[in-house]
Amino acid sequence: MADIRIIEDKCVGCKLCIPACPYDAIKVENKMAEILDNCTLCGACVPACKFDAIDLTKDEAEEKSDLSAYTGVWVFAEQRDGTLAGVALELLGEGRRLADELGEELSAVLMGENVEEAAKQMIAHGADNVYVVDHASLKHFNDESYADIFVQLIKKYKPEIVLLGATTFGRSLAPRISSRINTGLTADCTKLEIDPEKKILMQTRPAFGGNLMATIICPDHRPQMSTVRPKVMKALEPDFSRDGKIIAEDMSIPQNLSVKVVKVVSELGEMVNLTEADIIVSGGRGLGDPKNFALLQELAKLLDGAVGSSRAAVDAGWIPYSHQVGQTGKTVGPKVYFACGISGAVQHLAGMSSSDTIIAINKNPDAPIFKIATFGIVGDVLQVVPALISEFKAALATCSMSSEPNELAFAFSKDSTSFLVFSR
């Protein structure tokens, strides 16, 4: 059986092991180290001890535990102020399909404060069980405390599959969990399937800037963990007549956190969550001046969309990092993506290439963005965007006076400005 202990005859209380432990699971009292209950047996402290006073024994048989003990599909229920993120509902839809293929239950893990209504909503969207950890300290996301609690739940219930959204929260939380339970993690998945013979999860994600798709498996460790890009999976229609269990969990809440959320500040003008927006209007260095982002903000507001940006514009200080789309920013998959003055570097394409419709506006006809664009407009973005705004305003005015469905419709013109058809 795996175990860790302090060899008292060798320990001198030097405290070198304390900063080496990533989980604050060691303390020193009276010149003697002590291993705390939250130790994960990761072994990081062993080489840090210069006196060989830490004895770690790992049982290989235990590491390769009985995989049949793990069952069920879990989804992390990301929420803000009690409101579920769209990706949580999307994961429930995909998780329901996977669970049905395996003949197992679908469960959700919900952490926060006063989240009872969100738990009911998850049952309606397909969950069989919702494990709720409701505590005032969990009102705002903290990857340190959330990871600790999630690991406790995994060790208690042993799920076979764990899915998280590839959001800012999910990308921070998932690797902390996987490293602590010694399992694999596949990031930014766009497709999930069950191998019909081996019954293991096949996790497909873009690789090398989206130039190829890689399918990854985790055959020897459990749970199998994935983060999934928002807007890729489809949420189920809610059925509030569904029966399910809402289970209030009494977990050990971490107290001595290295990071504490002091205040949450919402960015002024950020009206739509970028990863959940159906329409995104993004700008790059081709705008020429940071003040020209006002044009994109006007177009986005008109279409109930969000404003995005290339890394170049963020690095130039034109717009905050929270708007950055790409490999080092947010991964998005809206119905419509406007790329305004963006050349199309491979890092940017990796974050938006899964968009349903891509409209590129650029003066350079050879810009790489045109290779993946659904519609391309070669022209000055400072002339094209105002023209789009004018036409959309006219169309919206016409729609507001019509009894027909609110659809924005434009015909292709023969000049340098082209328009498309899509519904709002």
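This is a predicted model: local features need pLDDT of at least 70, side-chain atom pairs count only at pLDDT 80 or more; totals for chains, interfaces and linings use all residues.
Across the protein, pLDDT averages 86, and 89% of the residues score at least 70. Strand E5 (residues 73–76) gets the highest confidence, at 97, while strand E23 (residues 422–423) gets the lowest, with a mean of 36. Over residues 405–424 the pLDDT stays under 50, although the model has 48 contacts beyond four places in sequence for that stretch.

**Helix H4 and the cores**

Now take a look at helix H4, which runs over residues 86–102. Its 17 residues should span 24 Å at 1.5 Å a residue, and the end C-alpha atoms sit 25 Å apart, so the two values agree. Is H4 mostly covered or uncovered? Mostly covered: 13 of its 17 residues are buried. Just after the helix, Gly103 takes a positive phi of about 70°.

H4 also matters for the next part of the picture. The largest nonpolar core has 32 residues, and those with the most contacts inside it include Val73, Leu92, Met122 and Leu192. Among the elements giving it two or more residues are E5, H4, helix H5 (116–124) and strand E8 (106–112). H4 supplies the largest share, eight residues. If you zoom in on Met122 and skip its neighbours within four places in sequence, you'll find it in contact with Ala77, Leu84, Ala88, Leu92, Ala108, Ala127 and Val130. Apart from this core lies another one, with 27 residues, among them Phe338 and Phe392.

**Salt bridges**

Side chains of opposite charge can pair when their charged atoms come close. A search of the whole structure turns up 17 salt bridges. Here are some of them:

| Pair | Closest N to O distance |
|---|---|
| Arg5 and Asp55 | 3.3 Å |
| Glu94 and Arg97 | 2.4 Å |

Finally, Arg96, Asp100, Asp128 and Arg242 are linked in a network of salt bridges.

Technical notes:
Residues are numbered from 1 along each chain as its sequence is written. Side-chain values use heavy atoms; hydrogens and water are left out. Helices (H or I, at least four residues) and strands (E, at least two) are DSSP runs, numbered from the N terminus. The expected span of a helix is 1.5 Å times one less than its number of residues. Buried means under 20% relative accessible area, exposed over 50%, partly exposed in between (1.4 Å probe, protein chains only). pLDDT is the predictor's confidence in each residue, from 0 to 100. Contact means heavy atoms within 4.5 Å. A nonpolar core is a set of buried Ala, Val, Leu, Ile, Met, Phe, Trp, Tyr and Cys residues joined through side-chain atoms within 4.5 Å. A salt bridge is a side-chain nitrogen of Lys or Arg within 4 Å of a carboxyl oxygen of Asp or Glu.
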